[in-house]
Amino acid sequence: MDRSIARHCSVYNLIAMVTWSTRSRHPRRGGKLFAGTFTPAHLFLCIFFGICLFSCPLPVHANEIFVSPRGNDNAGGSLLSPVLTLEKAVRLSRSLRSRGFDRITIYMRAGVYHHPSTLQLDARDNGLTISAYPGEEVILDGSRSIPLSLLSGIQLAHPDHSLPIDAYQVDLSRLKIPYGNIRNVGFARPYGSSWGELFINGRAYHLARWPNRGMIPMGRVLDPGAIPRDMDFSNRGGIISYDSVRINRWQKEREPWMSGYFKWGYADDMVRIAAIDTVHKTIRTASAAMYGYGSGAVYQQWYGVNLLSELDCPGEFYLDRQSGMMRFIADSAVTSVKYSVLEGPFLTLEDAAHLTIRGIGFTASRGMGISMVNTEDVIIEGCTFYNLGSLGINMGLGIRAFDHYSHEGTGIPVKHQIGNLQQHLYTNTAFDRKAGHNNIIRHCTFRQLGSGGISMGGGNRHTLSAGGNVVENCLFSDLNRIEKTYRPAIHITGVGNTVRHCEISDLPSMAILVHGNDHLIEYNYIHDVVLQVDDLGAVYYGRDVTERGHMVRYNYFENIPDRLATCAIYHDDGACGMTVYGNVFYKAGRWVSLIGGGSDNIYENNIFIGSKMGIHIDNRLANWGREFMEPGGLFEKRIDVLYFENSALKNRYPHLKKFLKDGFTPSGNRIEKNAFFQIDSLIDGDKSWLEGLAHNFSGDAVSGFKNPSDLNFNLSDNSPVFTEIPGFKAIPFYKMGLYESGFRKYMRLRNGLLTSQK
């Protein structure tokens, strides 16, 4: 039995002893129990123990504090006299710590706790554990509940046929709920809180849109507008033609928006529609897109959003921000209605150490779940992050949102926001996020989020000292309800951090975005990602030759579409120095791997199955990417930041300066001892750009596995891989993905079914 539970049971045993003392055994009735006489002594015992248990100002166990939805903040915080709020419990814990207690645990009893503001934890809380009571479900909720009695049924005209649609409406202005403004979201836009969202029966509803699913092709572009990527910051919108009569009706919409991939397939955006000309059938946008607007490519698509006239599908809602009237179409009987309001994190941890957050659910807010800065040995385990408007966890400093919409720049470091971090890193590649050391996020679930899962820093690029932060045994799924690209399941930055034993799926864009040095990505199961974009990979890094030393080993990549230019691992624009060892790739993109002009990348002991091409390699730094290598160019600037006398980077990679002179042609790349099954072309590109290409095996049929029809790619003992490839090591396929723990009872999720890996 859990020791804490045993201690709690002793309280009940004490009460039982008093009760037992009021019973006696009668020698003439065979020792059977019967009601005894309740004496004054028994009454004294009951009064005495009652005073001890209910009137004591401290918990029964002074290093434990209890919180309950039925508690009272004037109570002492004991098991039988819990407080009502987590804020009060933290204040009690600080009081106890000031009196010499350490390793204090706050137990939260089962229930939903409405969380109206951010709770800040710091060095005063070192050693604190905040935990769900064993076996009970605890949820922190960042929304406001809407009484069902305020709902009224209405009927809406259907845009496609004459039958009306049953819907609901509610006046939010009566409840004084902040609506949250719709904002630009997408590539090179700052991370931020979402607008207010509607949750019906625990499901996130989306702004009314057309088409209801998918997107339509961009029309002919009459004016691409200002192009910030070309240093035009005037923010002038573009003009795009359309050919659907349906769009004519949007002319009367109060705040129509359009979202999609306006120019490039790796850059989503969302902009307000300023005007619709029904005569010339054109849309004029209210602001610029990073690369302007384009049409003709298969990935140049869009859809309209926040349209009252398109409220026609279950799961949609529309809020008139002038009147406060909200309408929605339910997909089932309505039992609960919530609207997200909390903009900041639920919890912030700053300068804290040895702190644990365990078994808590975080839901229905506009912002992120937890933000951490300069923490050490913090553990977040068994928590669930779902239906949030932003991401789940941020570890490290971010950058205050830029004043101008810019691809890159230098911003102001800020705590507990992410903002324009990606754009700041582009210009300041050695930025120390001060994320702390040896923090662990494990056994957590991240699902149905607005803009990614975890942003994790740690370590120092100037010294190449490791952060030692870890994400382990976590499940990530459906993380991009609002922001699509460059909002991965895990953004890993800094030096020496680890992602292991995670399962990542159902993402429109990348799974893991890498910046920095010496990161370890191992034993993960990554599938059904990069579903919507072009020119991106499941694991992606690039355009910085100083970012080296990464190891990607023992991962399973599965079901990455090959409709567009996608892959499992993307070494983009000169990315160097990654070792890819012992992985299994099954139907993992158009190319399994893309080496975009970089050097010193090693592929060894991997298995490739069922893709058109195995590994693509090119020499882009000798042609269109040559500008990166020029004197005073991007690569030299990035090297100079970290490359000085006795610097850690210079000592480890003394050839980098020479690389700028000789590196137009890829060098040092090796592809050796790999097995290729049903791969049309093993190497796509000039093989002379490979320094090593030896002992690889190619088979037309998938063979040598224990059960390939069931996607069990454990190698059999007599597999031809072992005989055809000298020194090939068995790959621990059965260990890839989630493992069982006290918080997780299954191994692998495939097609909605929980199955074993073995």
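Which residue in β25 is the bridge partner of Ser145? In β25, that partner is Lys338. The model in which this pair is found is predicted, so that local features need pLDDT of at least 70 and side-chain atom pairs count only at pLDDT 80 or more, while totals for chains, interfaces and linings use all residues. Residues are numbered from 1 along each chain as its sequence is written, and side-chain values use heavy atoms, with hydrogens and water left out.

The protein contains eight helices and 68 strands; helices (H or I, at least four residues) and strands (E, at least two) are DSSP runs, numbered from the N terminus. Its radius of gyration is 29 Å, close to the 27 Å that the globule rule gives for 758 residues, so the protein is as compact as a globular protein of that length. The radius is taken over C-alpha atoms, and the rule is 2.2 Å times the number of residues to the power 0.38. Along the principal axes, the C-alpha atoms fill a box of roughly 100 × 70 × 55 Å.

Of the 758 residues, 58% are buried, where buried means under 20% relative accessible area, exposed over 50%, and partly exposed in between (1.4 Å probe, protein chains only). Among contacts (heavy atoms within 4.5 Å) between residues at least 6 apart in sequence, 68% join residues at least 24 apart.

The strands can now be followed. Strands of a sheet pair through backbone hydrogen bonds, either parallel or antiparallel. Two strands are taken to pair if DSSP finds at least two bridges between them. Three bridges link β9 to β25 (residues 337-340) in the antiparallel sense, and Ser145 with Lys338 is a bridge pair here.

Strand β51 (residues 550-553) runs parallel to strand β54 (residues 578-581), joined by four bridges, and His550 stands opposite Met578 in β54. β54 is in turn joined to β57 by three bridges, again in parallel; Thr579 has Ile602 in β57 as its bridge partner.

The loop between β57 (602-604) and β58 (607-609) holds Asn605. Is Asn605 buried or exposed? Asn605 counts as buried because its relative accessibility is 2%. Leaving aside neighbours within four places in sequence, Asn605 is in contact with residues including Tyr581, Asn583, Glu672, Lys673, Phe728 and Ile731.
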